[in-house]
Amino acid sequence: MTLKSKTAVVTGSTSGIGLAIARALAKEGASIVLNGFGPADEIEKTRAGLESEFGVKAIHSPADMSKPEEIADMIRLAEETFGGVDILVNNAGIQFVSPIEDFPIEKWDQIIAINLSSAFHAIRAAVPGMKARKWGRIINTASAHSLVASPFKAAYVAAKHGVVGLTKTVSLELATHGVTVNCISPGYVWTPLVEKQIPDTMKARGLTKEQVINDVLLEAQPTKQFVTADQVAAAAVFLCSDAASQITGANLSMDGGWTAK
Ligand code: NAD
């Protein structure tokens, strides 16, 4: 497969799963719009690395996924630079772990904005171009937490369940336009997002770091292994292929059997 004539916007792609997806799409020849936070020199190294390693064009949009106008600007920048957005990967996300009664209101608002509403804003802005070109792939990084809950993750679980509803709805609206809309729902992937929640989970559940890794994280996954970011990226590449053109409105689990239980 080649994505040589395509442009992909991958939100939250300066780290973790998003970065792996951006690299995998670049490997297939897609022009890339990176997005996300981080030190400017590291982001520039990532951007330039995509160009030199895969021979594609790559730009970085610093748009904050909690700000609707910046999201619209990111899609506009992609369209002006590359002539359109063919692949949109809504991946940016954050986590916060706390008992519900202490859950900070601003954390709830921030997680709903970044993990759910940003996908709405980006899809809304990118769809007219996809419809006009009669081709598009929208992939939302959901989570096993789009299907099942864990305690102390009220905002995250609510947002991820919401992403599935958004995915299904938009898939129906775009079904006759050559645009597919799907979720990938990984179980635990060892990225900074998972690493950062370990101290709070230790506190919320009164456990050691090893206990959190083995008795909370890997306990959820029957395979007892973390999913890798590259595995999620390979699924995203597949969803962009012609072979996947009849997969739409789906929520593809990659969770070592977690949600089969
Ligand atoms: P990560 O922390 O490694 O990366 C998150 C990315 O989002 C970074 O590039 C960061 O800069 C960016 N980001 C954060 N806030 C942003 C904002 N306001 N605007 C723009 N960019 C922002 O995390 P990850 O584990 O790679 O997570 C990526 C996605 O995968 C998230 O949606 C997460 O919920 C989902 N996910 C992760 C796991 C896991 O175990 N790591 C499992 C299931 C789903």
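This is a predicted model: local features need pLDDT of at least 70, side-chain atom pairs count only at pLDDT 80 or more; totals for chains, interfaces and linings use all residues.
The ligand sits in the largest pocket.

The shell holds 30 residues. S15, N91, Y156, V189 and T191 come nearest to the ligand. By class, the shell splits into 15 nonpolar, 13 polar and 2 charged residues.

| Residue | Protein atom | Ligand atom | Distance |
|---|---|---|---|
| G12 | backbone N or O | oxygen | 3.4 Å |
| T14 | polar side-chain atom | oxygen | 2.7 Å |
| D64 | side-chain N or O | nitrogen | 2.9 Å |

G12 uses a backbone atom. T14 reaches a ligand oxygen through its side chain. On its own, the ligand has 830 Å² of accessible area, and the protein covers 94% of it.

**Salt bridges**

Side chains of opposite charge can pair when their charged atoms come close. With a cut-off of 4 Å between a side-chain nitrogen of Lys or Arg and a carboxyl oxygen of Asp or Glu, the model has 7 salt bridges.

One of them joins R47 to E44. Their closest N and O atoms are 2.8 Å apart. Where do R47 and E44 lie? Both are in helix α2, which spans residues 40–54. R47 and E44 are 3 residues apart, about one turn of the helix.

Notes: Residues are numbered from 1 along each chain as its sequence is written. Side-chain values use heavy atoms; hydrogens and water are left out. A residue is near a molecule or strand if one of its heavy atoms lies within 4 Å of it. A polar contact is a pair of N or O atoms within 3.5 Å; within protein, one must be able to donate a hydrogen and the other to accept it, and residues adjacent in sequence count only if both atoms are side-chain atoms. Accessible areas come from the Shrake-Rupley method with a 1.4 Å probe; for residues, only the protein chains shown count as cover. On a 1 Å grid over the protein atoms alone, a cavity is a set of points where a 1.4 Å probe fits but cannot get out, and a pocket is an open set with protein on both sides within 12 Å along at least five of seven lines; lining residues have an atom within 4 Å of a point. A molecule sits in a cavity or pocket if more than half of its atoms lie within 2 Å of its grid points. Ala, Val, Leu, Ile, Met, Phe, Trp, Tyr, Cys and Pro count as nonpolar, Asp, Glu, Lys and Arg as charged, and the others, Gly among them, as polar. Helices (H or I, at least four residues) and strands (E, at least two) are DSSP runs, numbered from the N terminus.
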